[in-house]
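Let us walk through this structure together, one step at a time. Keep the view open as you read.

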There are 4 protein chains.
Amino acid sequence: MPHIDPRRKKNLLSRLSRIEGQVRGISRMIEEDQYCIDVLNQISAVRSALNSVGQIMLEGHIKGCVTDAIKHDRGDASIDELMQAIRKYTF
Amino acid sequence: MPHIDPRRKKNLLSRLSRIEGQVRGISRMIEEDQYCIDVLNQISAVRSALNSVGQIMLEGHIKGCVTDAIKHDRGDASIDELMQAIRKYTF
Amino acid sequence: MPHIDPRRKKNLLSRLSRIEGQVRGISRMIEEDQYCIDVLNQISAVRSALNSVGQIMLEGHIKGCVTDAIKHDRGDASIDELMQAIRKYTF
Amino acid sequence: MPHIDPRRKKNLLSRLSRIEGQVRGISRMIEEDQYCIDVLNQISAVRSALNSVGQIMLEGHIKGCVTDAIKHDRGDASIDELMQAIRKYTF
């Protein structure tokens, strides 16, 4: 069973390829000695883009794997694992 | 006047090139249908790596541009700009 | 049906009462002109304490309400609502 | 020398007293078994309010103590200390 549905997958891959380009862009900004604040703003934009990828993955995981586990009475372990992942992002 | 000193620059560029590779790795994980939680953990690792780059930039900016502005009595505008950048990361 | 089980409730209430005291402590620090960095560290401690409360609530919510909704085939709406709450903390 | 100017102080104290009330409000919501998502939203509101206090403190610290240190050639130690405080909030 695939963990991510095909449409979501395509969306995620295109977001990640854009992020890769943005990271390369930050390297270029630093090489060209651009103003620190502009670099910082660009880093924060990549951070947001990455957070969106995280969110989409998280939602997919909850609607897929976690939902499945709950329906088969294996919810608790799955939710504990989920909470650990959420904690890395948030808390 | 360059905004980033050469050693710091090299350090930042090597971090960013590693981040680029990590982002590519996440794409591969998604293509190969790896477990969502593993992907989420990898995204959170990139987030941390990116935050370190942000921190290094921020410290360099304060020790360079902001310090300079303060010494030339242009501190307030520089600190307002700095606060806006910090807010994007934190608050 | 109560949303929070009694033991969790007691735990949460004692954490919140401690947080209330910590917030009052920050006011006192400011009144007494204590060093900004010490105040900032104290604010960040309260932030962490509050995040723990958020985590406990979130986990309880997923193990209670969301699990329940999923078992009764009302999972999607419940997960959408959950994602909105998570987003406020993280992303 | 006070670290916080009087107007800023009054502003901070009134914010903190409001936050104290909000924390008390969360306790009440939990005691009354209100819906978890509403409690989570309220926690996130307090988090934002606390972040604003942190921001105001941080800005005051940079415009006061750090600026002062830089003007007296003690900038580096002051900025290192500042970076540690910032890291607790952000990264």
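The paragraphs below look at how the chains are related and where they touch.

This is a predicted model, in which local features need pLDDT of at least 70 and side-chain atom pairs count only at pLDDT 80 or more, while totals for chains, interfaces and linings use all residues. Residues are numbered from 1 along each chain as its sequence is written, and chains are lettered from A and ligands numbered from 1 in the order in which they are written.

Start with symmetry. Two copies of a chain are related by a rotation about an axis and a shift along it.

Now turn to chains B and D. Chain B can be laid on chain D by a turn of 180 degrees and a shift of 0.0 Å along the axis, with an RMSD of 0.0 Å. In chain B, the C-alpha nearest that axis belongs to Thr90(B), 2.1 Å from it.

How many residues of chain B are in contact with chain D? There are 18 residues of chain B in contact with 18 residues of chain D, where contact means that the C-beta atoms, placed from the backbone, lie within 7 Å. On the side of chain B that touches chain D, helix H2 (36–71) and helix H3 (75–90) of chain B are the elements that give two or more residues; helices are DSSP runs of H or I, at least four residues, numbered from the N terminus. H2(B) gives the most, with 9 residues. By class, this side has 7 nonpolar, 6 polar and 5 charged residues (Ala, Val, Leu, Ile, Met, Phe, Trp, Tyr, Cys and Pro count as nonpolar, Asp, Glu, Lys and Arg as charged, and the others, Gly among them, as polar).

Finally, look at chains A and C. In H2(A), residues including Ile62(A) and Thr67(A) meet residues of H3(C), among them Ile79(C) and Met83(C).

Technical notes
Contact = placed C-beta atoms within 7 Å. Least-squares fit on C-alpha atoms with pLDDT ≥ 70 in both.
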